[in-house]
Amino acid sequence: MPEARNIIEKIWDEHVVADLGGGRSLLHVDRILLHDRSGPAVFGPLQESGRAAAQPSLVFGTMDHIVDTHVGRNDDTRFKGGRAFIQAFREGAHHAGITLFDLDDPRQGISHVVSPELGIALPGATLVCCDSHTCTVGGIGALAWGIGTTDGEHAVATQTLVRAQPPTLRVEFHGKLPPGVFAKDMVLALIARYGADGAAEHAIEFCGEAVRGLDVEARMTLCNMAVEFGAWTGLVAPDDVTFAWLRDRPYAPQGTRWDAAVAHWRTLASDPGASYDRTLHLDCSRLAPQVSWGTNPGQACAVDGGVPADLSGEERALAYMDLRPGQPLAGLPIDAAFIGSCTNSRLSDLRLAAGVVRGRKVAPGVTALVVPGSTSVKRAAEAEGLDAVFRAAGFEWRESGCSLCFYVGGDSFDRPGRTARRVISSTNRNFEGRQGPGVRTHLASPATVAASALAGCIADPRPLLA
Ligand SMILES: CC(C)[C@H](C(=O)O)[C@@H](O)C(=O)O
Ligand code: SF4
């Protein structure tokens with residue numbers, strides 16, 4: 001009788017090319033994603049050392065981080081030297097012979113949004129990208145992780161990587177999610193409960209009733225923030241919900257190859273009795289929408305709660321956020337609301353936010369914007385009239401990209417003429433300066449961001465969803 005294995009061990013075992021001893025293995029990498037921000041640092045050294053891509057058909061590039069998301073964009077960007085980055089990335093991609101989703105390509109978008117959407121990321125596959133949120137695609141059951149550019153160069157040149165096998169962590173979300181509470185709230189509550197380093201470099205399998213009840217896009221939201229929990233990566237075992245979502249995607253297997261793939265993917269689920277190095281639990285049945293109050297994603301609480309009263313050692317976070325212990329969060333005035341990023345910019349996120357916004361207006365003085373995660377999400381949203389709903393309410397409707405998730409991409413909430421100090425955001429990081437110098441970020445679900453944009457202050461979305 002073979003030993004019971006969990007899904008992470010199964011995917012790992014299938015990808016070992018050579019056991020290097022000491023727990024380290026040479027792994028086959030099934031797919032590589034590269035983007036405009038870190039991609040040039042992969043192509044440059046690769047070309048200088050005279051090496052080529054081992055399997056260019058398994059490597060994909062997309063423009064996302066530093067592109068301008070204003071309508072009518074071109075190679076110019078707000079990132080200093082951005083044009084040179086974009087052009088170097090384009091040239092490197094052409095030279096290496098990989099597939100590039102360039103600015104004018106309908107498949108362009110944030111790496112972690114486009115790879116599952118196009119069926120590049122698949123259940124049971126290994127996938128890497130020089131980006132920490134590569135774990136997002138764990139939502140369809142891929143073992144995906146962020147790497148540095150030196151590993152990126154190694155991966156492109158050999159289609160393999162050296163890794164030590166990670167310890168495993170089972171996170172069980174019990175119960176059913178109450179109405180108005182979403183995957184973003186689950187993961188914020190998890191990190192708040194166990195701390196921003198709670199997963200300590202483990203590979204997580206997210207499971208339990210609340211996870212099974214999530215659609216694939218929400219599972220990606222959950223896995224997106226595994227890295228904010230200190231994990232190496234996170235995934236959800238693929239099931240019928242996954243297979244239905246992936247079917248007929250352009251790069252997914254077709255015809256009889258699809259049937260064979262599904263039959264194999266079904267074998268990946270953790271065996272009964274499989275063991276993990278650690279297990280954590282969270283009850284979702286009474287969970288409230290969550291909002292972060294501090295400067296790491298673990299500093300979050302219920303929207304109808306407040307900053308913990310008994311804080312010590314958090315003075316810097318509170319000073320930066322201009323908050324005091326015990327202060328309620330609901331009712332705190334905001335300057336801006338942002339819906340976007342690889343965490344929450346898929347079609348289901350935009351539908352949810354539009355449902356809150358429909359027929360209502362953004363509060364006077366609040367800058368509100370929606371940045372779809374991919375051009376295809378944008379087009380699908382427009383076909384449903386969601387852009388019109390957002391625009392009528394007073395939201396700006398942008399082209400796809402990372403945009404205001406990340407100040408280093410060139411766009412900032414603290415630009416001349418548009419100073420926004422306090423922002424409620426559907427993104428994943430609330431670090432000091434993340435969305436611009438001095439900008440204070442509150443992380444929340446797209447529903448909470450939308451409700452807050454309308455109220456002009458942090459607001460509970462539940463009354464608007466009822
Ligand atoms: C620029 C990129 C390498 C970075 C990352 O690795 O995550 C960015 O996407 C981020 O979210 O901070
Ligand atoms: S959307 Fe934000 S978190 Fe995601 S890859 Fe882009 S910059 Fe990083």
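This is a predicted model: local features need pLDDT of at least 70, side-chain atom pairs count only at pLDDT 80 or more; totals for chains, interfaces and linings use all residues.
Local features need pLDDT of at least 70 and side-chain atom pairs count only at pLDDT 80 or more, while totals for chains, interfaces and linings use all residues. Residues are numbered from 1 along each chain as its sequence is written, and chains are lettered from A and ligands numbered from 1 in the order in which they are written. The protein chain is assigned domain 1 (7-164), domain 2 (168-237 + 266-283) and domain 3 (290-465); such bounds come from an automatic or database domain assignment.

**Domain 1 and domain 3**

- The C-alpha centres of domain 1 and domain 3 are 28 Å apart.
- Contact joins 23 residues of domain 1 to 20 residues of domain 3, where contact means that the C-beta atoms of two residues, placed from the backbone, lie within 7 Å.
- On the side of domain 1 that touches domain 3, helix 4 (residues 111-117) gives the largest share, four residues.
- Helices (H or I, at least four residues) and strands (E, at least two) are DSSP runs, numbered from the N terminus.
- That side of domain 1 consists of eight nonpolar, ten polar and five charged residues.
- In these classes, Ala, Val, Leu, Ile, Met, Phe, Trp, Tyr, Cys and Pro are nonpolar, Asp, Glu, Lys and Arg are charged, and the others, Gly among them, are polar.

**Ligand surroundings**

- Around ligand 1 are R37, S38, H65, D131, S132, H133, G146 and F406, a residue being near a molecule or strand if its C-beta atom, placed from the backbone, lies within 6 Å of it.
- The shell of ligand 1 has one nonpolar, five polar and two charged residues.

- Helix 12 is largely enclosed by the rest of the structure, because eight of its eleven residues are buried.
- A residue is buried if 20 or more other C-beta atoms lie within 10 Å of its own, exposed if 12 or fewer, and partly exposed in between, with C-beta atoms placed from the backbone.
- L347, D349, L350, L352, A353, A354, V356 and V357 are the buried residues of helix 12.
- Against these residues pack strand 15 (336-339), strand 16 (367-370), helix 13, helix 14, helix 15 (446-455) and helix 16 (462-465).
- V356 sits in helix 12 (residues 347-357) and is buried, with 23 other C-beta atoms within 10 Å.
- Apart from neighbours within four places in sequence, V356 is in contact with A447, A450, A451, P461, L464 and L465.
- V356 and T448 are separated by 92 residues in sequence and by 8.9 Å in space, C-alpha to C-alpha.
- After helix 12 comes G359, with a positive phi near 80 degrees.

**Helix 13**

- The buried residues in helix 13 (residues 375-383) are T375, V377, K378 and A381.
- They lie on the same side of helix 13, because they cover an arc of only 160 degrees around the axis; the arc is that of the directions from the helix axis to the C-beta atoms.
- The buried residues of helix 13 pack against helix 4, helix 12 and helix 14 (386-393).
- G385 follows helix 13 and has a positive phi near 80 degrees.

- Strand 1 (residues 16-21) lies largely in the open, because zero of its six residues are buried.
- Strand 1 and strand 2 (residues 24-28) run antiparallel and are joined by four bridges; strands pair if DSSP finds at least two bridges between them.
- The bridge partner of G21 is R24 in strand 2.
- Two residues lie between the strands of this hairpin, and G22 in the turn has a positive phi of about 65 degrees.

**Loop residues with positive phi**

- Most residues other than glycine have a negative phi.
- E201, a residue other than glycine, has a positive phi near 65 degrees.
- E201 is in the loop between helix 6 (183-194) and strand 10 (203-207), and counts as partly exposed with 13 C-beta neighbours inside 10 Å.
- S403, also other than glycine, has a positive phi near 55 degrees.
- S403 is in the loop between strand 17 (396-397) and strand 18 (414-415), and is buried, with 30 other C-beta atoms within 10 Å.
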